[in-house]
Amino acid sequence: MTTLSLGRVHRFHPPLKLTAGVSVVAWVVAWFTEAPLSDWLAFSLLGLERGSHFGEAIAFFLLDVPKVLLLLLGIITVVTLIRGFFPPEKVRGALAGRGQVGGTVAAASFGIVTPFCSCSAVPLFIGFVEAGIPLGVTFAFLISSPMVNEVALVLLWGLFGPGIALVYMAAGLTVAIVGGFVIGKLGMERYVEDYVWALQGKGPAMVEVKLTWEDRIRDAWTYTKDLVGHILPYILIGIGLGALIHGYAPTDLVASIGGKSNLLAVPIVVLLAVPMYSNAAGTIPIVQALLGKGLPLGTTLSFMMAVTAISLPELIILRRVIKLPLLAVFVGVVTTGILIIGYLFNFLIA
Amino acid sequence: MKKIEVLGPGCNNCVRLEANAREAVAMAGVEAEVVKVTDYGQIAAYGVMSTPGLVIDGKVVSYGRIPSAGDIAVWLSE
């Protein structure tokens, strides 16, 4: 391994420690004053009536938008900073030679901390296969990485509370681990595109890039800013629709259509979720409002898992490295897992 | 004449890295050509799994992040 050091071209920046310190203090102050402030804004300054449809909808919007933004900016910066230490190139080394069982569990867990963008899916897949990581272990990672992602977890934690966020994480890990096992057992290696096998052993040694804390903090902040900027419109639309549902939809409307007595509700929400690929930011606020109007927890979980886990663009990209039968098995296994989770929670939580 | 390769299938991050690389060439005042590598096989051949990756004269200098034009300029002048 070669080691490179980052030089820096001189340019004026305010001292990083000062900027970071001020940001943290501002974040904490905003976090604790956000709820009373938005309440005051809605009901005192704007003079809206408590309990009225319009008033409740606006208050919901004013409460949720700053809360979600603060959570996303704060937590994603921290998560990105931490996971900078776990690039897939290192994870690969840790996964190789762990065997089927240990490897699958480890791969699913690594999926939580490692970054995943669908444009990286193919190089990642090739890298794993090249390192001799079994197919089942690779898929455990490919299932868990987008599904148990930080945007979904942060939004769930902030809008639904820690309980549901942890349940979602556990359910996502379970689907990834079981899905990985199943795909591993099916012995589908021949459905990986031939050129992927031909690439084996060609990879030269990786370069270890030395990053300073300053580089890491800047990287994390730039990444977070870009990400939040990109999903902001969806968040605003999502919270807006959520606010309308919260203020105007009758309490029993959702329960009567999507309630537990309707067995088709779980598969229907999974189908609905497919075109909303990876758009956890916009869908979770809507789902929060629906849950408040009587959508059962299992159905809710199925919907959110399907939004993050099954994405059409990702499938199209993965098609470049795996053949259709394996792609179909991948979708089938993930969908089955999500359906089981949905029915299970609807059944367990009376 | 240096050769800079930007590894990535063409997502936003790769486009930004390419822009930074071109800016860096101007900053460093060296002669260099910037090439995009979008073929997955070639990207994998460099051992890069997280895109975008940056290669200068056949050597991987960065991956999974977007180095600033200033940093790339320093690498170019080395």
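Ile4(B) stands opposite Ile56(B) in strand S3 of chain B, within a predicted model in which local features need pLDDT of at least 70, side-chain atom pairs count only at pLDDT 80 or more, and totals for chains, interfaces and linings use all residues. Residues are numbered from 1 along each chain as its sequence is written, while chains are lettered from A and ligands numbered from 1 in the order in which they are written.

Strand S1 (residues 2-7) and strand S3 (residues 53-56) of chain B pair in the antiparallel sense over four bridges, where pairing requires at least two DSSP bridges and strands are DSSP runs (E, at least two residues), numbered from the N terminus like the helices (H or I, at least four). The open, mixed sheet of chain B has four strands in the order S2-S1-S3-S4. Strands S2 (32-37) and S4 (59-63) of chain B stand at the edges with a single partner strand each, so one side of each lacks a neighbour in the sheet. Helix H1 (residues 12-28) of chain B packs on this sheet, touching S1, S2 and S3 of chain B, with contact taken as C-beta atoms, placed from the backbone, within 7 Å.

Turning to chain A, there are 16 helices and two strands, and 39% of its 350 residues count as buried, that is, with 20 or more other C-beta atoms within 10 Å of their own.

Conventions: Buried ≥ 20, exposed ≤ 12 C-beta atoms within 10 Å, placed from the backbone. Contact = placed C-beta atoms within 7 Å. Axes fitted to C-alpha atoms, helices over the stretch in contact; angles between N-to-C directions.
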